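Here are my comments on the model, as numbered points. Please read them with the coordinates open.

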Amino acid sequence: MSAETKPLDTARREAALASAPHVGRAVAHESAELHVTGAALYTDDLAARTKGVLACWPACAPHAHAWLDDLDVSPALAVPGVVRVLTASDVPGTNDSGASRLDEPLFPRAAEGGGDPRPEILYAAMPVAWVVAESEEAAKLGAAAVIAHYTPRPPVLTIADAIAAGAFHVDGQKIRRGEPEEALARAPHRLEGSLEMGGQEHFYLETHASLAYVDEAGSVFVHASTQHPTETQDVVARVLARPKNDVVVQQLRMGGGFGGKETQANPFASIAALGAVLTKRPVRVRLDRARDMQLSGKRHPFHAAWKAGFDDEGRLLALDVQLTSDGGHSLDLSFPVLGRALFHIDNAYFLPSVEVRGRVAKTNKISNTAFRGFGGPQGMLVIEEIVDRIARTLGLRPELVRRRNLYRPGQTTHYEQEVVHAERLERVMTELAASSEFEARRAEIDAFNAAHPHVKRGLAITPVKFGISFTAKYYNQAGSLVLVYKDGSVQVSHGGTEMGQGLYTKVRQIAADALGVSPSTIRIMPTRTDKVPNTSATAASAGTDLNGAAVKDACDTIRGRLAALAAPLLDCSASRVVFREGVVASGDDPAKAMSFAALVDRAYHERIQLSANGFYQTPDIHYDPAAGRGRPFYYYSFGAAVSEVEIDGFTGMYGLRRVDLLHDVGDSIAPSLDVGQIEGAFAQGAGWLTQEELVWDREGILRTSNASTYKLPSLGECPPVFRTKLLTDARSLGVVHGSKAVGEPPFMLAFSVREALKDAIAAFGGHGLVELASPATPEAVYWSIDARRLLP
């Protein structure tokens, strides 16, 4: 017997072979220790380690819409420390940072279609120049010294303004099933109304940051806080008029993203790269909080006008909805965001006859963009509003009407995709109602409200159904590169980005089980465009589905090669070779075993390849936008939430007393991380619906541009009782390790908070509908209560 195949220490071998898989374990985030000790490095931290780095700061326009009459940067060049001022004339390539439609000027330029040749200001705080200096302080002083003259123009600032002006970005979208006009006319009951919902600031902890330098070959290397390194590479290359192979983008980790760094990182990376090329020195861009909020897009505000027909039991028979989103000054991702809103107008409810239309308004504000849920929350909020109004019109309990309208097995959506596992909707509602003691608490709350005229409590349960896949089919792909070294250690590269959500942790668990090694021997490498090219954004909740599957594909390839080598050494067939926790053994005789490192070393000497590329593409997805039919989503995630609130009728102030969540994540890869994602998404959703209010003045200036004026959820809003459970026995077939996405779907669990507020408001008196603005700030709650006091 050779040295490599001598029996391992019996205790080690038996322990390894008896160990449970790493997938499914409740593990800590792979960078948790770095996070809590402050040792984790982010993009701007790298600047401190870079010699001779220059800082960049924008000189911004004060108008939401104007002509730029002239620009004088010479006073900025006279400021000590200023090295260069970047303007439109410095761009060697395309003066645009848009991903596809080139409607996002990096610097002001003349409007398309001829006419006035002056550069156009499209939104307040639009950069007219970027000052490059030895320090950030010098760059700010230089930016303040730039002289610009403008001719103000009337801005379009709201959806209503845009509708009145006929200002829209593109043709609308529509999905239709049945004959909703006829169904509405025949319905025993009809309602119509409208709903406006505000936007939301991403407020990631790490603001936008990029660091760029030129290497000895003249190529450009960019560290960027981006969710989409490949797109950032594409835009930087286009701005610099270079081929893509001349630009490398690396993403180490982000301090949060939430969709706000999917496209919005591109202009800042482009400015850093342009500065580096022109000065031949490293250049950094890092925005402070106020500038970040002024220069980066938000969640799209929406307006919905609707008509609904229903029967005596509250079942929906017909629906007609017109959605209008505020896209801001450019299209960005507004078209697919609107599309997902149309797809999710049903939430968890069967719509037998429906027409839903959508259009993107063009306004003189920062271009709105992706945000957790990507339009889904806006569409789903509309149907939740409608279902609540139906219940109150009929004098029925809203939870009863919700359950009567849930999808049943075999039913299809309004775009004719079957809702597979639709029975889980009823299951999550039933299990959560029981575990949350919903009926008993309902009775207790009714008694409390009867005894307290000025303080009322509310209770609500709401479901969630959310489709998983990019609606742009070509994004549903991922690549990987796995390298095994002679000592058995492993490097894994993939196209996903880490923004705190735990993607790297899950990928490491997947790779560990696929190779049969300890996660401690695996290093997940920073995401780089020269390691894995042509990647998709880490978005649409598909990061693990795509990249985890691609990594597993590469690991399976390497494992197959090693199994073929090990089989004769262990006297078994390749299919019977067991890889577990760094031990490779015969499945027929576990005493015949060797270490993974020894087998790898043997493979090297046998000239067997120890690296592999992996690839994955989501199967069986398609959609015809002209017909409004197809299967745009590979599967659906389900969940439900119960929230209880208490409102002070004198002030409108309220508190969240208890929250119970039950969510379907399939077979969880990392349960502790999934619970964290669910609770974080719920808190963020509650913030959007209740307290995060973006305010622009009549000049188009954002007045809520920091944490003192923009109200974020905090520990003070956390309910004293917060219970989260994962749905059991919910394996998702065809997805890596039977798991499901978790990033976006739980955001909509927060609908239960808004519905609980409406339940409490109704208890103050009056009859019929509850009118409540979104966000439901304490002021909005107070005015809603006050309006009901005037009712008979």
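**Notes on the model**

1. Leaving aside neighbours within four places in sequence, Ile386 is in contact (heavy atoms within 4.5 Å) with Trp306, Ala308, Leu316 and Leu319. This is a predicted model, in which local features need pLDDT of at least 70, side-chain atom pairs count only at pLDDT 80 or more, and totals for chains, interfaces and linings use all residues. Residues are numbered from 1 along each chain as its sequence is written, and side-chain values use heavy atoms, with hydrogens and water left out.

2. Ile386 is also, with Leu323 and Val382, one of the residues with the most contacts inside the largest nonpolar core, which has 112 residues. At least three residues of this core come from each of domain 1 (10-40 + 477-617) and domain 2 (420-472 + 625-792). A nonpolar core here is a set of buried Ala, Val, Leu, Ile, Met, Phe, Trp, Tyr and Cys residues joined through side-chain atoms within 4.5 Å; buried means under 20% relative accessible area, with a 1.4 Å probe and protein chains only.

3. The domain bounds come from an automatic or database domain assignment. The centres of domain 1 and domain 2, taken over C-alpha atoms, are separated by 38 Å. In contact across the pair are 26 residues of domain 1 and 23 residues of domain 2.

4. An open sheet of four strands runs in the order S16-S27-S28-S29, with mixed pairing. Its edge strands, each pairing on one side only, are S16 (455-468) and S29 (721-726). From one strand to the next the twist averages 15°. Strands (E, at least two residues) and helices (H or I, at least four) are DSSP runs, numbered from the N terminus; two strands pair if DSSP finds at least two bridges between them.

5. Nine bridges join S27 (residues 635-648) and S28 (residues 654-663) in the antiparallel sense. Val659 in S28 is the bridge partner of Ser643. Helix H15 (residues 438-451) packs on the sheet and touches S16, S27 and S28, its direction making about 145° with that of S16.

6. How do H17 (residues 543-570) and H18 (residues 596-605) cross, and at roughly what angle? Their axes come within 10 Å and cross at roughly 100°, so H17 is roughly perpendicular to H18 (65 to 115 degrees). Axes are lines fitted to C-alpha atoms, for helices over the stretch in contact, and angles run from 0 to 180 degrees between N-to-C directions. Leu562, Leu565, Ala566 and Leu569 in H17 meet Phe596, Leu599, Val600, Arg602 and Ala603 in H18.

Technical notes
Buried means under 20% relative accessible area, exposed over 50%, partly exposed in between (1.4 Å probe, protein chains only). Angles under 35 degrees count as roughly parallel, over 145 as roughly antiparallel, 65 to 115 as roughly perpendicular and the rest as oblique.
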